[in-house]
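Q: I am new to this structure. Please show me how to read it, one feature at a time.

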Amino acid sequence: MDRIKTFAAVLLLLTCSTVLAQQSGSAINTDAGDMSDIKTIAVTRGLTEAGRNCITCHRDLDPGIVNDWKQSRHGHVGVSCIDCHAVAADSPTALQHEDVFDMKKYDTSLLDRDVYISVLVPPSTCARCHAMEHEQFAASGHFRSYHQIVPKDNLHALVEVHEGRNIPELMTAPGETGCMQCHGTKIKLDENGRPTPDTWPNAGMGNVYPDESTGNCSACHTRHKFSLAEARKPFACASCHLGPDHPDIEIFENSKHGHIYNTQGDEWDWETAPGAWEPGDYRGPTCATCHMSGIGELLTTHNISERLYWNGWAKRSEMRNSTDPMSPLLGNGPEGRKKMKQVCNSCHGTLHTDGFFAQADKAVQLYNVGYYDPAKKMLDELGEKGLLKDNPWTDEFQIVFYHLWHHEGRRARQGALMGAPDYAHWHGFFELQLDLYKLEELYEKRLETGQIE
Amino acid sequence: MLVPTLVFASWVFTEMMVEQTAGESFCGGCHTMGPMVAAYRADIHGGAGEQGVKAKCTHCHIPHDNPVNYMIMKSRFGIHDAWAQLTYDLDSIDWQAKRSHSENYVFDSGCLQCHKDLQRASESSAVSFVAHRPYFLGTIESKCVTCHDRVGHKNLSERLATASMGE
C-alpha cells in the first residue's frame, strides 16, 4: 500500500512539475515528457529495493528503455537496471544523479548516496554473467574492430584529411558518423565521468571502454532488450556488413539461403535455447546459424572467426592460421572448414557441401592469382619508378587498385563463399576484369611516357 | 623428552609467525601498503560489514591449494616484497596498472576457503546461478577477481590516485 502511495506521489509530482514547466514556457525542454499515463509498471519480484527505485522514475522518464527491459530475459530473471549500471565509487565512469542532473523535479528520497551508477556498460560487466560468450568474443576477429584501425595512418588520412577536408573543428565528422558507428572507438569521458559526444553514442563492435575492456555486446543484441532472436536474424549483422565493400546482407539475400529466409523466416522458431537451435526450427540458415550456432555436435560460439578457412576481406586471401585476435589470419583454416562443413551437412549431403566449397575456393584462388597478384606487381613497379601520386585519391591507378581489392575483389570472393551469383559475377569478376584492363592501360601508358597522366 | 618439546615449540613458533605475518598490521607496516590497507579496512572483507567478519591479507593473496605450496608462496612473496621495499624505486610503481592483472595475485583457492559452498549457494538466485555455473563447470577461464574486480579494497583506485607513495 505504501508503495502505491509513493508511486502516486511521484506521478503527482511529475505531473505538477510538467504542467508548471509548460506554463512558464521559458525553459527549452528536449525531454519527450511523461509518457507513462498508459502503462504502469510495478515490479517487485526478485528485485532489490535500489533496483526497484530506478524503475519507479525511469519508467516515466525513459519508457522505451523500461519497456525493452520488461520484455527481456533480464526482466524475467530479475536482472534490472542497477545490476549492470551500478559501479564502485572509484570507477572512472561513476556518477550520482545529484552531481550531474538538476534533480529538483524528482523524488530524491529514492536515491541512495552509497550507490554510484555508470551510463556506459562495458562488456566486462556483461561478462560477469556471460563469461564464456565474452571469452569467445575476445578471441574473435570482432575484438579487433577498433584496435585494428588505430595504426592505419592512410585510413586516418582518408577520413580526416580527404573526407574531413582537414577542417580542424569538422574533420572528425566522417569518422564519428561513419567508421566509429561500426568499428567503435576509445570512449573518452568528460569531467563528470560521462562519455563525450566525439566518442558517444556509437554502436561500434570494438569499443574500448574506460575500464579498458573491449567489445560491445549491444552491437548485435541491442539495448535494452538484448534479444537472442534479434541477434539470430540477419539484420543484426546487416547494420554493418553491407554496402559496396562487403555487401554481406545483399549477398545473403541473393543466395538461396536468403531466398528461403525471406519467404518463410516469419514462421520459424527464433527463441530455441542456444545450442539446440537446429534445422526444423528453421528451414534455412541466417548469418548466425552458420557462423555461431551450435548444431548437432558442433558447439555454439561467439567467436565468428572460428568456422572460417580464408581471410575473405584482406587484399589477398590467405588461409587462416593464427591464434592472435589482432592477426588478420586469426583462426585455423582446416579446422574452421571442417566446422563449417558440419553446419552445411546438417541440411545438405556431403556431395553438395564439398562441391560448393570446391567452386568457392576456385573463385578465391582466381581472384588471388588472376587479379590481385598482377595488379600488385604493377603497383609496386610504378611505385619504385616514382610513377604514383602522393595523394592516392587523385591517382586513377591507385583508385582503381583500391576498388579492385576493397570493393570488387571482396564482392567476388564473399559472393562466391556465400552462394551469391550476382555478387560473384556481375558485381565481382565482371568488374574485376574491367579494373584489371584499366590498370594495365594506365601502367603501360606511365611506363611508356615516364609520366603520370 | 627434549626433542619432542623442541619439535612442539618450533611448531607453535612457526604457526605463530605464520599468523603474525598474515594480516593488515604486518603487511601495512610498509608505507607502500597504506592505500591498500585503508581501502581494505573500509571494505566488507576488511571487517566493515555488519557482522565484523574479516579476511586477512594472506587469505586472498596466498594460494590455498595445498599447505606446502602455501608455505612456499608465502616465503616467496615475503622475500620479494622485502627485497622490493629495499631496492625498488617505489615512486615509479604503477599500482593502478597492477590492478588490471589481479588474477595473478588474488587466488581463487583463497576465496573458496571461506566461500566454501558457493556452488550450492549460487542456486539461491537466478542471477548468481547463471553467473557462477560456467565457472564451476570449468567452461571459462575467468577467475573470481575477473568479475569481482574491486573486491576486498573499497575505492582503492581513488585512494591510490590521492596517496603519495613510497615515502
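Predicted model: local features only at pLDDT ≥ 70, side-chain atom pairs only at ≥ 80, totals over all residues.

Q: What is the mean pLDDT of chain B?
A: pLDDT is the predictor's confidence in each residue, from 0 to 100. Chain B has a mean of 91, and 98% of its residues reach 70 or more. The model scores ipTM 0.76 and pTM 0.86.

Q: How many helices and strands does chain B have?
A: Helices (H or I, at least four residues) and strands (E, at least two) are DSSP runs, numbered from the N terminus. Chain B has 11 helices and 0 strands. Among its elements, helix 4 (residues 57–61) of chain B has the highest mean pLDDT, 96. Helix 11 (residues 156–162) of chain B has the lowest, 88.

Q: What share of chain B is buried?
A: A residue is buried if 20 or more other C-beta atoms lie within 10 Å of its own, exposed if 12 or fewer, and partly exposed in between; C-beta atoms are placed from the backbone. In chain B, 19% of the 167 residues are buried. The C-alpha atoms of chain B fill a box of roughly 60 × 45 × 30 Å along the principal axes.

Q: How do helix 18 and helix 20 of chain A pack?
A: Two packed helices are described by the angle between their axes and the distance between the axes. Axes are lines fitted to C-alpha atoms, for helices over the stretch in contact, and angles run from 0 to 180 degrees between N-to-C directions. Helix 18 (residues 350–384) of chain A and helix 20 (residues 421–449) of chain A pack at about 25°, with axes 10 Å apart. So helix 18 of chain A is roughly parallel to helix 20 of chain A. Angles under 35 degrees count as roughly parallel, over 145 as roughly antiparallel, 65 to 115 as roughly perpendicular and the rest as oblique.

Q: What about helix 10 and helix 11 of chain A?
A: The axes of helix 10 (residues 153–163) of chain A and helix 11 (residues 173–183) of chain A come within 9 Å and cross at roughly 135°. That makes helix 10 of chain A oblique to helix 11 of chain A.

Q: Where is A:R165, and is it buried or exposed?
A: A:R165 is in the loop between helix 10 and helix 11 of chain A. A:R165 counts as exposed because it has 11 C-beta neighbours inside 10 Å. Its phi is near 55°, a positive value in a residue other than glycine.

Q: Which residues does the cis peptide bond with omega about 5° join?
A: That bond joins A:W200 and A:P201. A:P201 is found in the loop between helix 11 and helix 12 (228–232) of chain A.

Definitions and conventions:
Residues numbered from 1 in each chain as written. Chains lettered and ligands numbered in written order.
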